[in-house]
Amino acid sequence: MVIFQLERTAPLSLADAWRRLTEWSRHGDAVPLTRVAVLTPPPTGDGTVIVARSGLGPFAFDDRMEVTVWRPPALDEPGRCRLEKRGRVVLGWAEIEVWPGPGGRTRVIWREELRLRFLPSLFDPLLGATARRVFGRTVNQLLRRP
């Protein structure tokens, strides 16, 4: 099991940062070899089910997630989303928070617990380093693209 946290500050409003981070189809544009589908009708809320399919051909796997906390930001109040990973291969959770930051900016916190069902814990350091790099790059791209 790997647990990590990423923090970013973006020159965006809370609402805009939230939208960029929780518009699920955009994640597929930012994560290499990944397509994202929302299986439940809009709008996003508690119970929304998302599947990110990563890989190529027979080497692809699904990361099935369910939104269990959905609190969009309101005025200057922070927003928080929690996703429970419920796939056959990928387990754990992810949390996305947006907070008012300095100078009208938004502070983003992304926390994740990640487990791959068939991967021995011996590989946790490699999994952690890879996950931090991939998700760090993903958060950066999501925040930069309108």
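Leaving aside its neighbours within four places in sequence, which residues is Leu114 in contact with?

Modeller: This is a predicted model, so take every value here as computed from predicted coordinates. Leu114 is in contact with Met1, Val2, Lys85, Val90, Leu91, Leu127 and Ala131. That list leaves out its neighbours within four places in sequence.

Now place the residue. Leu114 sits in strand 7. Strand 7 covers residues 106-116. Is Leu114 buried or exposed? Its relative accessibility is 7%, so Leu114 counts as buried, the cut-off being under 20%. Leu114 and Leu21 lie 93 residues apart in sequence. Their C-alpha atoms are 19 Å apart in space.

Step back to the whole chain. The protein has 3 helices and 7 strands. Read from the N terminus, the order is β-α-α-β-β-β-β-β-β-α. The C-alpha trace spans about 45 × 35 × 25 Å along its principal axes. Residues 24 or more positions apart account for 48% of them.

The surface comes next. The protein exposes about 8,200 Å². Carbon and sulfur atoms supply 58% of that area. The protein carries 23 positive and 16 negative charges.

How confident is the prediction? The average pLDDT is 95, and 100% of the residues score at least 70. Confidence is lowest in helix 2, residues 25-30, with a mean of 93. It is highest in strand 5, residues 79-86, at 98.

Strand 7 also leads us to helix 1. The buried residues of helix 1 pack against strand 7, and also against helix 2, strand 4, strand 5, strand 6 and helix 3. Helix 1 spans residues 14-22. Its buried residues are Leu14, Ala17, Trp18, Arg20, Leu21 and Thr22. Leu21 is the residue we used for the distance from Leu114.

Look at Arg20 in that helix. Its relative accessibility is 8%, so Arg20 counts as buried. Which residues does Arg20 touch? Not counting residues up to four places away in sequence, they are Leu12, Arg26, Leu142, Leu143, Arg144, Arg145 and Pro146.

Follow one of those partners, Leu143. Leu143 is found in helix 3. Helix 3 covers residues 124-144. Leu143 is buried, with a relative accessible area of 9%. Leu143 touches Arg8, Ala10, Leu12, Ala17, Arg20, Leu21 and Val108, again not counting residues up to four places away in sequence. Ala17, Arg20 and Leu21 are among the buried residues of helix 1. Leu143 and Ala10 are 133 residues apart along the chain. Their C-alpha atoms are separated by 7.0 Å.

Stay in helix 3 for Asn140. Asn140 is partly exposed, with a relative accessible area of 23%. Asn140 and Thr9 are 131 residues apart in sequence. In space, the distance is 9.9 Å, C-alpha to C-alpha.

Finish with two loops. One lies between helix 2 and strand 2, and Leu33 is found there. Phi of Leu33 is near 55 degrees, a positive value in a residue other than glycine. Is Leu33 buried or exposed? Leu33 counts as exposed, at 53% relative accessibility. The other loop runs between strand 2, residues 34-38, and strand 3, residues 49-54. Pro43 is found in that loop. A cis peptide bond joins Pro42 and Pro43, with omega about 0 degrees.

Now return to your starting point. Leu114 is buried in strand 7. Among its contacts are Met1 and Val2, and also Leu127 and Ala131.

Terms used:
Residues are numbered from 1 along each chain as its sequence is written. This is a predicted model: local features need pLDDT of at least 70, side-chain atom pairs count only at pLDDT 80 or more; totals for chains, interfaces and linings use all residues. Side-chain values use heavy atoms; hydrogens and water are left out. Helices (H or I, at least four residues) and strands (E, at least two) are DSSP runs, numbered from the N terminus. Contact means heavy atoms within 4.5 Å. Accessible areas come from the Shrake-Rupley method with a 1.4 Å probe; for residues, only the protein chains shown count as cover. Lys and Arg count as positive and Asp and Glu as negative; His and the chain ends are not counted. The place of a charge is taken as NZ of Lys, CZ of Arg, CG of Asp or CD of Glu. pLDDT is the predictor's confidence in each residue, from 0 to 100. Buried means under 20% relative accessible area, exposed over 50%, partly exposed in between (1.4 Å probe, protein chains only).
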